[in-house]
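Please look over the structure below before reading the points. They are written for someone new to reading models of this kind.

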Amino acid sequence: MSHGTLYDKVWERHKVATLPTGQDQIFIGLHLIHEVTSPAAFGMLREEGRHVAFPQRTFATTDHIIPTTSARRPFADPQAEGLLAVLEESVAANGIEFFGLDSGSQGIVHVIGPELGLSQPGMTIACGDSHTSTHGAFGAIAMGIGTTQIRHVLETQTLALDRLKVRRLDVNGELRPGVTAKDVILAIINRLGVGGGKGYAYEYGGSAVERMDMEARLTLCNMSIEGGALNGYVNPDEVTFAYLRGRRYAPRGAAFERAVAYWRSVASDSTATYDDRVRFDAAILEPMVTWGINPGQSVGVTQRLPEIAALAEEERRGAEAAYRHMKLRPGDPILGTPIDVAFIGSCTNGRITDLRAAAAVFKGRKVAAGVTVLVVPGSQAVNRQAEEEGLPEVFRAAGAEWRGPGCSMCLGMNPDKLVGEQICASSSNRNFIGRQGSPRGRTLLMSPAMAAAAAVTGKITDVRTLEREPS
Amino acid sequence: MTTEPQRIIEIMGRAVPLREDNVDTDRITPAVALMEPTFDNMAAYLFRDARKSDPRHPLNDPKYQGATLLVVGKNFGSGSSRESAPQAITRAGFRALIGESFAEIFAGNCNVLGIPAVVASHEAIALLFAAAERRPETLYRLNLETKTLTFEADGGMQRLAIDLAEPRRVALLSGSWNSLAMLQANEARVRQVAAALPYMNEFR
C-alpha cells in the first residue's frame, strides 16, 4: 500500500467514515456539472423532494451540446435545447453558480475549472465526465462519476469510493522539439495499455513533467482515464502556484500565501512509497499517432503500423478489428495516411497554448484541397485570448474554420460530426468507433501541431519536417 | 431512499457472449442516447450502431432472446463515464455481467445500480464464451455468496470461481448498493470534515 503520497494525504483529509461495506466515504471539495449527465440527477432529487447539501461547492457550465457555429437560443436541436433548459432550471432552483452562454466564462468544464481557479491542489474533485482526471494536474484527486453518483454528491457532497493503489510514472529527460504532453500520454498508454491503469491513481513526475507548464500537465492528466486510471495527478509546485495566482476563484492576498502552505503540504513526500513505479525516457519519444479504435493503438510518426503477428496474442483480435474499421494495413507507414478532416480543440487540447501551436503551423500555409478543418477554443476565455493574439485571422487565412467554444467534434453530441467514412486528424482523446458522430467515421489522435500539419498537407505528416517559415 | 433496499444474492439465467476486449461505453450506448433527459428509453440504444451494422451481432440473435447475463472480455466499459451504458444493459433485461475485467467508472456505475459486474479468469471466460455459443439454452447460476458460477455442460455440472471487489460484493448482498442511505447517515460527520478543510475556510 502506498504511503506519504499526495493521494494518501488528500484521501485521509477528505475521509468522512469507513462505510459498513468497507468503502470509504469521501468529501468532495469541488463538484462540476454540465448539461448532459446532471439533468437526470436533478430529476431524481426533485422527485424525492431533496435539496443540494453544499450548493456553493458545485459549479455548472454547458459544453457537450453547444453548436459551435452559433450558440443562439433556442438551439435548432430540441433535445439539446431541452437538456440545457433543465440544467438552467436546476441550477436556479438550487442556488448553484452557472457559467452559461452569456456569462463570458462558459466553456468545456475541464477547461474552465482550471482557468477560473476553481480547481486547486489538495482538493477532491468530481464531475459526471470521465475526463475529470484533467484537474489532477493541480495535485488533486479528480474523478469522473456516473449520474447516480452525481446525485450522491448533490445530496451529501460525498461519494462511496474504493481507495486506489498509486503508481508513480517517472518521465525523465528532455522532450525533443515537436514532442508534447499529448505524445507523452499516448506513449504511456501505448506501453501500459488501455486497461493498465485499472485500480491505480497515476502520479506523473520526473524532470520532463516538472518542466511542463500547467496546460501541458492538464493534457497529460486528461488522458489518464484512457489508460484505465480513474485519477492522474502531478504534485503541486511553483508552476502550479504561479498559474493559480490572480485567478477569479483562487485565494487572494495573505490567504493565497496560506493556501500555498497547504498546497505544499499535500505534495508527495520524498520518502513516499508507491504500489508500483514505471520509468519513461522523455528523450526517445516522438510525435505519436493512433491508428486503431482505442487510444493505446498508436505508433511514433516515423514508425510503421504493427504486423498482427508482432503483437501480443491477446491484442491481435482487437488489432484485426481496428484495421478492418480504420481501413489501414499492417506494415504501412503512418506517414502519408490521407485525411479528410482535422479537428483542433477538446478538453485535451483546446487551450491557448494548443491553439498557438496549431497557429504556428497554419501561419503562411493553406489547408490542403478537400480537407475540412475545425479549430475550436475550449472556452470563451480561450476564445478572447486567441482573438487578442490574432490567431483566428491565421486560421481563417489558412482556410480553417474558427468556431465558438464547446466540445465540438470530440464526441458527436452537437452538429460537428464526421460524415460516412471520413477520417479525421484529431487533437481529442478518443478514437472509439463512432466517437466523432459517424458510426463508420475514423479518428487518428495526435497533438494539435500534428493535426495542423496533417491539415495543411492533407495527410499524416511529421510536423518536425515542415519548414519553419514557408514561403 | 423511498425504495426498499433489494439484496442481490443469486441470479439465474441464460447468457449472451460478447467476444471482444476493450468495448467502450460509446459503443454500448452511442452519444445520441445521452441527448435523452432521462434513462427511460435507454434499452433501445444498447449497442445500437453495432447491431445495425452487423446483423449477426449476438444481441440480434433470436436464440439469445430473454438472456439475463452478459459474458464479456477484458476492460469492458472503458471510456466515457456515461451511466446510460449500465442503464441500457439493465433496462434491456440483463441482471449481471461476467467478464475478464471491467473499466473502473463503468464497474462503479454498475454497482450503484445493483448490477453485479463480476470477473473470472481468462480460461473461465473462454469456457463461458464457448458454452454460450454452443448451447445458448444453458442456464447459469451466479451466486455472490459462494462466489461461483454453476451450469450444466458436457453431462456434468461446471463450477467456476468468480470474484468482485469485496465492498461491492458486501453492498450487493446487503442491499446497500445504492450507497445514498449510508452516505446520508453520516451528515454531522460530513460537516465536521468539511469544516476542517483549509479551502472550505478560505485558507484561514
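The numbered points below cover the basis of the model, the contact between the chains, salt bridges, cysteines and one serine.

1. This is a predicted model, in which local features need pLDDT of at least 70 and side-chain atom pairs count only at pLDDT 80 or more, while totals for chains, interfaces and linings use all residues. Residues are numbered from 1 along each chain as its sequence is written, chains are lettered from A and ligands numbered from 1 in the order in which they are written, and side-chain values use heavy atoms, with hydrogens and water left out.

2. The size of an interface is often given as the accessible area lost when the parts come together. Between chain B and chain A the buried area (accessible area, 1.4 Å probe, that two parts lose on being put together, summed over both) is about 5200 Å², and carbon and sulfur atoms give 60% of it. Met35(B), Tyr199(B) and Phe203(B) supply 15% of the area that chain B buries against chain A, more than any other three residues.

3. Chain A brings 74 residues to the contact (heavy atoms within 4.5 Å), and chain B brings 56 residues. Across this interface there are four salt bridges (a side-chain nitrogen of Lys or Arg within 4 Å of a carboxyl oxygen of Asp or Glu) by the rule. Helices here are DSSP runs of H or I with at least four residues, strands are runs of E with at least two, and both are numbered from the N terminus. Among the elements that give two or more residues to the side of chain B that touches chain A are helix H4 (104–112) and helix H7 (180–184) of chain B. H8(B) gives the most to that side, with five residues.

4. One salt bridge joins Arg435(A) to Asp26(B), with the closest N and O atoms 2.9 Å apart. The pair crosses between chains: Arg435(A) is in the loop between strand E18 (423–426) and strand E19 (442–445) of chain A, and Asp26(B) is in helix H1 (residues 25–28) of chain B. Both Arg435(A) and Asp26(B) are buried (under 20% relative accessible area; exposed is over 50%, and partly exposed is in between, with a 1.4 Å probe and protein chains only).

5. Over all chains the count is 42 salt bridges. Within chain A, the side chains of Arg168(A) and Asp170(A) form one at 2.8 Å, N to O. Arg168(A) counts as buried because its relative accessibility is 12%, and Asp170(A) is buried at 4%.

6. In chain B, Arg169(B) and Glu166(B) form a salt bridge whose closest N and O atoms are 3.1 Å apart. Both residues lie in helix H6 (residues 166–174) of chain B, three residues apart, about one turn of the helix. Arg169(B) is buried, with a relative accessible area of 13%, whereas Glu166(B) is partly exposed at 38%.

7. Cys424(A) counts as buried, at 0% relative accessibility.

8. Ser90(A) is in helix H3 (residues 78–94) of chain A. Its relative accessible area is 3%, so Ser90(A) is buried. Leaving out residues up to four places away in sequence, Ser90(A) touches Phe42(A) and Arg46(A).
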